[in-house]
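User: Hello, I am new to this structure and would like a friendly tour. Could you show it to me?

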Amino acid sequence: MDKKEDKLAQLRSRAETALKQAIAAPHAVPQDIDEVLHELNVHQVELEIQLEDLQQSYRALEMAQKRYANLFDFAPVGYIVTDRQGIVVNANLTMSSMLGVERETLEKRAFAEFITKDFQDIYHLSRRAVLQTRRADSCEAQLQRADGTIFHAHLNTDLPDPLAETLRTAVTNVSIIKQSEEVLSRALAHEKEINELRTRVLSVISHEFRTPLTIILSAAETLEHYGDQLPGEERTKRYQTIRNFVWYLNDTVHDASSISAIDDQPSLKLKTFDVLDFIRQLTHDMGIMAKEGQTIQLETTSLNEIEMVTWDQNLARRIIVNLLNNALIYSKEPVQCRVECQEKGVRLRVEDRGIGISAEDQKYMYEAFFRGKNTNFVHGTGIGLFVVQRAVYAHGGTIHCASRLGEGTSFTVELPRQVSVLPPSAVPIRQPVQPDP
C-alpha cells in the first residue's frame with residue numbers, strides 16, 4: 001500500500017469516527033470535521049482526475065487493440081494459432097479467405113483437415129519439431145480450399161508462448177512462385193531439348209554426308225584417272241552417280257534443317273522414271289561402300305525390261321540408300337536386295353545376316369534418333385529408319401520389319417506404282433511397330 005492509499009485509509013477512518021460521534025451526539029460536532037470534509041473533497045477531485053486518466057488510457061488501449069486486430073486480420077499472410085493437438089483456436093480473416101471458409105468454421109477444427117493427404121505427414125513433423133526443439137520450423141504443403149481447389153503454401157510455425165504451448169503459424173500462398181518455377185523449368189527443359197536437337201542435327205549431317213561424299217569422291221577419282229579408258233556408257237553412269245548423290249546431300253540438308261517438325265510429312269515432287277534402272281544404279285553405287293568380302297546381290301522380278309513408276313525420286317533414293325547402308329553397316333555378310341514389280345505396285349526387300357534388332361527395340365526403331373541397345377559400338381545416329389518411314393508413308397506405302405538378334409534383319413517396302421499427292425488425312429500415322437513372333 002503506497003502513501004496515498006495509506007493517507008486515504010486514515011482519512012476514511014477519521015471520517016467514520018467523526019460520523020459515529022455525530023450520530024451519537026448530534027450537537028457535539030468534532031472540531032476537525034471541517035478539516036476532514038475538506039480533505040475528502042480534495043481526494044474526490046484527485047480520484048475523478050485519476051478516473052479520467054484511466055478512461056483515456058482505456059480508450060487508447062482499445063484503439064491500439066483495434067489497430068493490431070486490423071493488422072492481424074488483414075495482413076497479406078494468413079495467421080493461425082493452434083493448440084498442442086493442432087486445433088485452430090484463432091485465425092485471421094486472410095487465412096479464412098485463403099481457405100474459402102468463415103472464421104467461425106475454421107476455428108475449433110484441426111488445421112490438418114485443410115492439408116492434402118500427400119503433405120499431412122510433412123506438416124505434422126514440422127509441428128512436432130517446433131514442440132520438441134522450441135524453435136521455429138518451416139515447410140511447404142498443399143492446402144485445399146472449401147471448393148476443392150488446391151494451392152501451394154509455405155508454413156512457418158513457432159512457439160511464441162512456451163507456457164501456453166500454443167503454436168502460431170504464418171501461411172503464405174506461393175502458388176504464383178510455384179507456377180513461375182514450373183514455367184522456368186519448362187523453358188529450361190525446352191532450351192535443353194533445342195541444344196540436344198542442334199547437336200543431333202549436326203551429328204546427322206556428319207553421318208549422312210559421309211557415305212555420299214565417299215561415293216562421289218570414288219566416282220570422281222575413277223573419272224579423273226581412268227575416264228579416257230572407260231566406255232561412254234560407263235562414264236555416263238559415273239557422272240550420274242555424282243549427280244544422284246549431290247541431290248541426296250541437298251535433300252539431307254533440307255531434312256536436317258526441318259527435322260524438329262517430326263510429325264510433318266515431306267512434300268512430294270513426283271517424277272516418272274524406270275525403277276529397275278534406278279535401283280540398279282543405286283545398288284552399284286552403294287556397293288562401293290561394302291566391306292571386304294561383302295557384296296550387294298540384286299534380284300529383280302519383272303515381266304518387262306522397263307518398269308515405269310511415278311514417285312518422288314529423291315525420297316525413293318533415301319529409302320533405298322538408307323536400307324542398304326544399314327544392312328552394310330550392321331552385317332559382314334552379303335546383302336540381298338530383291339525388287340518385285342507387280343501390276344499396281346513395287347515390292348522392295350533388303351535383307352542382311354547381321355546383328356539383328358531385338359523385339360523390344362523394334363517398337364521404337366522408327367523414332368528419330370533411337371538406336372538399339374546392341375548398336376553402341378557401331379557408328380550411327382538413329383535417323384535412317386525415321387527418314388525411311390516418313391518417305392514410305394508420304395508415298396502411301398507400307399514398311400515391315402522381320403528381325404531376330406544375331407540372325408539378321410529384313411525390311412520390306414511396298415509402294416504403289418502411281419503415286420499422287422496425298423491429303424494430310426490420308427497419310428498414315430506412325431504407330432509403334434509390333435515385332436514378329
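User: Is cysteine 401 buried or exposed?

Analyst: Happy to start there. This is a predicted model, in which local features need pLDDT of at least 70, side-chain atom pairs count only at pLDDT 80 or more, and totals for chains, interfaces and linings use all residues. Residues are numbered from 1 along each chain as its sequence is written, and side-chain values use heavy atoms, with hydrogens and water left out. Cysteine 401 has a relative accessible area of 2%; since buried means under 20%, exposed over 50% and partly exposed in between (1.4 Å probe, protein chains only), cysteine 401 is buried.

User: In which strand does cysteine 401 lie?

Analyst: Helices (H or I, at least four residues) and strands (E, at least two) are DSSP runs, numbered from the N terminus. The C-alpha atom of cysteine 401 is separated by 8.1 Å from that of glutamine 362, 39 residues apart along the chain. The strand that holds cysteine 401 is β11.

User: Which strands stand at the edges of the sheet, and why is one side of each left without a neighbour?

Analyst: The open sheet has 5 strands in the order β7-β9-β10-β12-β11, with mixed pairing. Two strands pair if DSSP finds at least two bridges between them. Each edge strand has a single partner strand, so one side is left without a neighbour in the sheet; these strands are β7 (296-301) and β11 (398-404).

User: How many bridges join β10 to β12?

Analyst: Strand β10 covers residues 345-352 and β12 covers residues 408-416, and the two run antiparallel. In this pair, arginine 347 stands opposite glutamate 414 of β12. The number of bridges joining β10 to β12 is 8.

User: What angle does α9 make with β10?

Analyst: Helix α9 (residues 313-329) packs on the sheet and touches β7, β9 (335-341), β10 and β12; contact means heavy atoms within 4.5 Å. Axes are lines fitted to C-alpha atoms, for helices over the stretch in contact, and angles run from 0 to 180 degrees between N-to-C directions. With β10, the direction of α9 makes about 20 degrees.

User: How many residues of α11 are buried?

Analyst: Helix α11 (residues 384-394) lies across β11 and β12. Residues Leu315 and Ile319 are among those of α9 that meet α11. The buried residues of α11 include Phe386 and Tyr393, and the count of buried residues is 11 of 11.

User: At what angle do the axes of α9 and α11 cross?

Analyst: These two axes come within 9 Å. Among the residues in α11 that meet α9 are Val388 and Ala391. The axes cross at roughly 145 degrees.

User: Is lysine 108 buried or exposed?

Analyst: Lysine 108 lies in the loop between α4 (103-106) and α5 (117-133). Its phi is positive, about 75 degrees, although lysine 108 is not a glycine. With a relative accessible area of 75%, lysine 108 is exposed.

User: Over which residues does pLDDT stay under 50?

Analyst: pLDDT is the predictor's confidence in each residue, from 0 to 100. The protein chain averages 81, and 79% of the residues score at least 70. Where pLDDT is low, the predicted coordinates should not be read in detail. The stretch under 50, for which the model has 20 contacts beyond four places in sequence, is residues 429-437.
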